[in-house]
Amino acid sequence: MLNFSDKLIEAIKKKNSVLIAGIDTTVENIPDYFIRKYYDDEKNEIENLKYILYEYNRRIIDAIEENVIGVKFQAAFFEQYSYYGIEVLHKLIQYAQNKKLIVIFDGKRNDISSSAKGYSNAYIGETTLFDKKIKFFDCDAMTVNPYLGEDGIKPFVEDCERFKKGLFVLVKTSNPSSKDFQDLIVDSKYLFEKVAEKVHEWGASCKGKHGYSDIGAVVGATQPQAAKMVRSILPDSFLLIPGIGVQGGKIEDLKYFLGKNKMGIIVNSSRDIIYAYKNHIHSDFEKSSFIASKNLKESINSVIN
Ligand SMILES: O=c1ccn([C@@H]2O[C@H](COP(=O)(O)O)[C@@H](O)[C@H]2O)c(=O)[nH]1
């Protein structure tokens with residue numbers, strides 16, 4: 001079985017893309033014509049939610065699959081619909097896996113080690129159920145929050161080693177308030193640099209054949225200066241980069257995020273892809289998302305290749 005970092009590198013080479021589509025759909029942003037077509041008055045709201053949320057995202061995945069290496073599912077957008085949303089998430093994860101797309105669960109999880117282990121079991125590891133071990137979500141990678149420190153991260157790292165999975169630790173996030181804590185000075189360094197140093201340490205034991213670690217970092221596209229600093233600490237970790245487009249991150253700045261051999265980045269775009277129809281690219285939402293993802297892939301490639 002391939003390490004996560006090798007799986008990423010092979011997918012990037014095969015598709016000539018570093019693009020990840022963020023599946024962050026809310027029902028109120030699904031085009032009216034789609035809702036009108038599929039809303040069934042004979043069924044209740046929950047049944048309609050489950051069908052429409054699944055079907056819209058499934059079609060987006062079909063439309064964009066040739067332009068992206070994977071999909072990132074943001075937990076919040078499914079959890080807001082309670083367990084009905086989680087059921088849709090589970091089905092969509094399986095759908096993306098069947099298409100051989102890389103699946104990232106973006107839940108930014110963490111807790112004390114016993115609870116962190118539960119999260120890890122669910123999304124990248126396995127859960128013991130009576131005399132069986134079950135891989136419930138079996139994603140390729142997940143995002144974690146480092147705030148609880150090393151013992152809260154270790155259960156995830158151990159599962160990455162055991163199951164060849166990947167982790168993206170929040171290092172410097174894309175939002176304006178990321179400076180509130182991440183830019184605090186600790187021992188003459190930014191706190192985010194200290195976190196990056198830890199990511200380097202945690203990732204040393206899980207490297208793939210290309211020399212990249214399976215333990216990566218989230219660095220927002222809005223943070224090119226921080227990216228340069230993170231890169232000097234983490235030359236051979238993958239960076240998951242959200243924040244291009246709507247949040248103001250610039251594609252031209254992605255060159256500052258590149259690692260060894262001009263590799264080591266994956267770039268997420270959510271709203272610009274899933275709601276591309278709003279930009280009137282095409283009257284059909286699937287074609288709009290296809291065109292938006294193709295354009296994004298090509299613009300990113302023109303900067304990083
Ligand atoms: O620093 C971070 C970490 C995670 N995110 C997530 O990425 C997407 C971005 O969505 P866009 O619509 O492309 O802005 C979203 O799921 C965030 O929760 C982030 O933006 N920044």
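**Legends: the chain and its ligand shell**

**View 1. The chain as a whole.** Of the 305 residues in the chain, 55% are buried, meaning under 20% relative accessible area with a 1.4 Å probe and protein chains only. The model is predicted, so local features need pLDDT of at least 70 and side-chain atom pairs count only at pLDDT 80 or more, while totals for chains, interfaces and linings use all residues. Residues are numbered from 1 along each chain as its sequence is written, and side-chain values use heavy atoms, leaving out hydrogens and water. The C-alpha trace spans about 60 × 50 × 40 Å along its principal axes.

**View 2. Polar side-chain atoms at the ligand.** A polar contact is a pair of N or O atoms within 3.5 Å. Lysine 72 places a polar side-chain atom 3.1 Å from a ligand oxygen atom. For arginine 271, a polar side-chain atom lies 2.6 Å from an oxygen atom of the ligand. Serine 174 has a polar side-chain atom 2.6 Å from a nitrogen atom of the ligand.

**View 3. Cover of the ligand.** On its own the ligand has 470 Å² of accessible area, and the protein covers 88% of this (Shrake-Rupley method, 1.4 Å probe).

Key: Polar contact = N/O pair within 3.5 Å; in protein donor to acceptor, adjacent residues only side chain to side chain. Buried < 20%, exposed > 50% of the residue type's maximum accessible area, 1.4 Å probe, protein only.
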